[in-house]
Amino acid sequence: MGLVAVQQNGTGDLGFSGVPLGAKNKYRRMDSELDEDQDDALQHHHAYQRDPSASTSRYVLACAVFASLNSVLLGYDVGVMSGAIIFIQEDLKITEVQEEVLVGILSILSLLGSLAGGRTSDAIGRKWTMALAALVFQIGAAIMTLAPTFQVLLIGRILAGVGIGLGVMIAPVYIAEISPTIARGSLTSFPEIFINLGILLGYVSNFAFSGLPAHKNWRIMLAVGILPSIFIGVALFIIPESPRWLVLKNRIEDARSVLLKTIDNEKEVEERLAEIQLAAGSSSPEKYEEKSVWREILNPSPALKRMLITGFGIQCFQQITGIDATVYYSPEIFKDAGIHGNSKLLAATVAVGIAKTGFIMVAIVLIDKLGRKPLLYLSTIGMTICLFCLGFTLTFIGNGKVGVGLAIFWVCGNVAFFSVGIGPVCWVLTSEIFPLKLRAQAAALGAVGNRVSSGIVAMSFLSVSRAITVGGTFFIFSFISALSVAFVYKFVPETKGKSLEQIESLFQNEIGWRENEVELGDVEQLVDKNEQK
């Protein structure tokens with residue numbers, strides 16, 4: 001079915017896919033406008049979209065894997081610090097406040113990397129921004145490993161945080177821009193897989209090195225985090241630059257060459273390249289007002305405002321529901337439940353890591369089949385229940401065997417539901433919904449919200465739990481998680497099965513944003529009609 005845009009209030013501002021951003025649009029279905037040839041063409045388009053060759057699939061998969069390696073660094077740091085902090089306290093004699101600062105400062109300072117990441121990736125490319133992220137993290141990790149005092153350790157954490165901020169922001173953007181539509185959700189979830197793998201490796205490292213002397217074990221734990229950077233260096237010689245960034249730099253032939261490696265059908269390559277050129281403004285630059293990216297973001301059109309609410313909101317909800325508190329402070333939670341002894345505490349955290357890593361695979365399988373929104377509902381509702389039950393267990397059941405068993409069960413359940421939905425889907429959505437010209441900067445803004453929320457939770461958890469108990473803190477997280485269910489219902493559209501350029505069109509009117517009534521074929525016809533104008 002086709003769509004004709006009927007503008008009610010003037011011509012409006014032209015959006016990046018040629019659809020008016022500033023005007024309120026009403027869509028009128030015109031069944032008669034599609035003849036049989038157009039129907040056949042659309043069916044053919046979807047057919048070859050679903051049937052990529054094995055070599056193309058392997059190439060895109062390799063790109064997604066290598067681009068996700070930076071995420072191992074973040075995951076490993078989160079996991080390893082939960083155990084290393086126990087021995088850092090013993091060795092450097094730090095206070096509880098210093099412990100909170102040390103744990104939370106990485107997330108807070110990573111916002112500097114995320115803010116710089118958008119502009120940096122637009123200037124030097126997505127690929128080399130990932131290289132810069134790995135290098136900065138390596139320097140920070142080396143300083144932490146050799147740190148003789150708390151102050152030097154803090155400097156290393158700050159540098160590591162900047163590197164992680166760069167890497168976390170750019171990997172999903174790169175993967176979304178290089179992936180074919182049919183597999184984009186699964187592939188863009190890869191960074192979350194590698195974050196979870198890093199967390200599990202951090203937990204295992206804690207357990208493996210916990211028997212060494214306190215002045216050595218935490219240093220070895222932190223030093224192991226440098227190893228993934230070696231693989232990132234190798235990856236730079238394998239993965240290509242993002243075709244969408246190449247189009248932004250007017251390197252059209254280079255972009256076509258990359259697309260031919262990632263899309264098996266030459267006709268679709270040309271169609272996708274034309275869409276990207278249109279979105280970038282290179283096909284008809286006179287249509288676009290020359291103004292800075294940040295001016296565009298700070299003074300958004302109605303459509304862009306909807307995108308920002310969705311992207312920034314889902315990033316903040318991912319963290320303020322307390323996932324980093326659960327991961328960073330799982331030994332403290334289990335100690336409150338009644339587990340004693342460092343080895344037993346660290347062994348229990350390994351179970352959390354296994355649950356978190358295992359269930360991310362469920363999301364990878366389902367995200368392009370069920371869609372983003374159903375997984376978000378499953379995730380946020382499940383987390384709400386688990387967080388409430390964990391608070392109830394810690395507050396009313398006590399420290400016996402039943403209490404310990406239930407505490408471990410509810411913590412594992414919480415991280416499992418997180419991994420099934422909001423963990424990976426959050427990054428998928430923020431890499432999909434923004435226009436090409438704004439994508440890197442807007443994704444960086446979302447990553448800033450994510451990292452600041454993470455830092456606030458990490459730096460306040462111990463203080464808040466001392467004031468209202470650990471169980472009371474998880475009741476608060478449960479309430480916030482319930483609010484996230486309402487946010488998903490009201491503000492998140494379904495993006496499954498749509499190209500990045502088509503997703504942009506979903507936000508052009510309020511109905512399409514909230515109810516997702518614009519069909520894929522409708523969007524294609526709408527873009528075609530606007531191209532012809």
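Buried means under 20% relative accessible area, exposed means over 50%, and partly exposed lies in between, with a 1.4 Å probe and protein chains only. Helices are DSSP runs (H or I, at least four residues), numbered from the N terminus.

This is a predicted model, in which local features need pLDDT of at least 70 and side-chain atom pairs count only at pLDDT 80 or more, while totals for chains, interfaces and linings use all residues. Residues are numbered from 1 along each chain as its sequence is written, and side-chain values use heavy atoms, with hydrogens and water left out.

**A helix with a buried side**

Helix 12 covers residues 252-262. Which of its residues are buried? They are Ile 252, Ala 255, Val 258, Leu 259 and Thr 262. These residues sit on the same side of helix 12, because they cover an arc of only 125° around the axis. The arc is taken from the directions that run from the helix axis to the C-beta atoms. An α-helix has 3.6 residues a turn, so residues three or four places apart point the same way.

Ile 124, Trp 128, Leu 132, Leu 135 and Ile 139 make a nonpolar surface patch of about 450 Å². Patch residues have over 30% relative accessible area and no salt bridge; nonpolar side chains (Val, Leu, Ile, Met, Phe, Trp, Tyr) are joined within 5 Å, and like charges within 9 Å. Areas come from the Shrake-Rupley method with a 1.4 Å probe, and for residues only the protein chains shown count as cover. Helix 5 (residues 126-146) gives the most to this patch, with 4 residues. Ile 124 belongs to helix 4 (residues 96-124). Its relative accessible area is 37%, which makes Ile 124 partly exposed.

**Salt bridges**

Side chains of opposite charge can pair when their charged atoms come close. A salt bridge here is a side-chain nitrogen of Lys or Arg within 4 Å of a carboxyl oxygen of Asp or Glu. The count by this rule is 12 salt bridges.

| Salt bridge | N to O distance |
|---|---|
| Arg 219 and Asp 91 | 3.8 Å |
| Asp 254 and Arg 251 | 3.0 Å |
| Arg 372 and Asp 368 | 2.9 Å |

Take the pair of Arg 219 and Asp 91. Arg 219 lies in helix 9 (residues 214-223) and Asp 91 in helix 3, so the pair ties together parts that are 128 residues apart in sequence. Arg 219 is buried at 19% relative accessibility. Asp 91 is partly exposed at 24%.

Asp 254 is partly exposed, at 36%. Arg 251 is partly exposed too, at 38%. Arg 372 and Asp 368 are both buried. Elsewhere, Glu 96, Glu 332 and Arg 466 are linked in a network of salt bridges.

**Aromatic rings**

Rings of Phe, Tyr and Trp (its six-membered ring) pair if their centres lie within 6.5 Å; planes under 30 degrees apart count as stacked, over 60 as edge-to-face and the rest as tilted. The count by this rule is 8 aromatic pairs. One of them joins Phe 317 and Phe 487: the pair is tilted, with 5.3 Å centre to centre and 45° between the planes. Phe 317 is in helix 15 (residues 302-320) and Phe 487 in helix 22, so this pair links distant parts of the chain, 170 residues apart. Phe 317 is buried at 14% relative accessibility. Phe 487 is buried as well, at 9%. Ring pairs also link Tyr 329, Phe 461, Phe 474 and Phe 477 into a cluster.

**More on helix 22**

Helix 22 spans residues 436-491 and includes Thr 469. The phi angle of Thr 469 is near 75°, a positive value in a residue other than glycine. Thr 469 is partly exposed, at 45% relative accessibility.

Gln 441 is also found in helix 22. Is Gln 441 buried or exposed? Gln 441 counts as buried, at 4% relative accessibility. Its side chain reaches the backbone nitrogen of Arg 119 at 3.2 Å.

**A loop residue with positive phi**

Where is Lys 93? Lys 93 lies in the loop between helix 3 (69-92) and helix 4. Its phi is near 55°, again a positive value in a residue other than glycine. Lys 93 counts as exposed, at 64% relative accessibility.

Conventions:
Helix = DSSP H or I, 4+ residues; strand = E, 2+ residues; numbered from the N terminus. Polar contact = N/O pair within 3.5 Å; in protein donor to acceptor, adjacent residues only side chain to side chain.
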